[in-house]
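Morning, everyone. I'll walk you through one structure today. Here it is.

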Amino acid sequence: MAEPDPKEIAVLVARLSSEDSFERLEAIEELARQTQLTFGFRFNDPPAEREAAIRRWSDWLKEQKRRRDRKQQLDAAVKLSGGIIDLASLKKAMEEIPAEQIQGYLHNLLLKMKVEQSRCEACHQRPATVQVTVLKGGAYRAHALCEACARERGDVLA
Ligand SMILES: [Zn+2]
């Protein structure tokens, strides 16, 4: 299922406050359809109960926004270019990611590095099949080499 459009969801949540009970009914049905959530909102409840449910919707909207922002910040934080990861930004990102997600995050990062470096840096011809990571000047520099060049440089033992 596609992610619900945050703007559309916000518009629907605003309609829960409508004076028109039919509009409230339509809004909560559409919200339930798109998010599988209701937060206990019933279109014909007394105003105080509706307001309490709307507050739960508002809190949820804020939390969703925080999550989207955090994900964007993380994607922007780790500067990855030509196999160079900025170590300070990576460290900061690690602090923000829940422990159980770090492994998946690093895995994706390494995949990105691989895609960026599909060609050997030394000969620029053969596909890079060997990755050599060197810590230099506060940044990890990953050298992607073909096996022949890696052997020539003495980076590969085999
Ligand atoms: Zn090469």
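First, a term: two residues are in contact when they have heavy atoms within 4.5 Å. Among contacts here between residues at least 6 apart in sequence, 36% join residues at least 24 apart.

Now the ground rules. This is a predicted model, where local features need pLDDT of at least 70, side-chain atom pairs count only at pLDDT 80 or more, and totals for chains, interfaces and linings use all residues. Residues are numbered from 1 along each chain as its sequence is written, and side-chain values use heavy atoms, with hydrogens and water left out.

On to the fold. The protein has six helices and four strands. Those are DSSP runs, numbered from the N terminus: helices are H or I, at least four residues, and strands are E, at least two. The order along the sequence is α-α-α-β-β-α-α-β-β-α.

How much of the protein is buried? Of its 158 residues, 27% are. Buried means under 20% relative accessible area, with a 1.4 Å probe and protein chains only.

Next, the nonpolar cores. A core is a set of buried Ala, Val, Leu, Ile, Met, Phe, Trp, Tyr and Cys residues joined through side-chain atoms within 4.5 Å. The largest has 11 residues, including Ile-9, Leu-12, Phe-41 and Trp-57. Helix 1 (6–15), helix 2 (21–35) and helix 3 (47–77) each give it two or more residues. Apart from that core lies another, of nine residues, among them Tyr-105 and Met-113.

Last, two cysteines. Cys-149 is buried, at 9% relative accessible area. Cys-123 also counts as buried, because its relative accessibility is 19%.

Methods
Buried means under 20% relative accessible area, exposed over 50%, partly exposed in between (1.4 Å probe, protein chains only).
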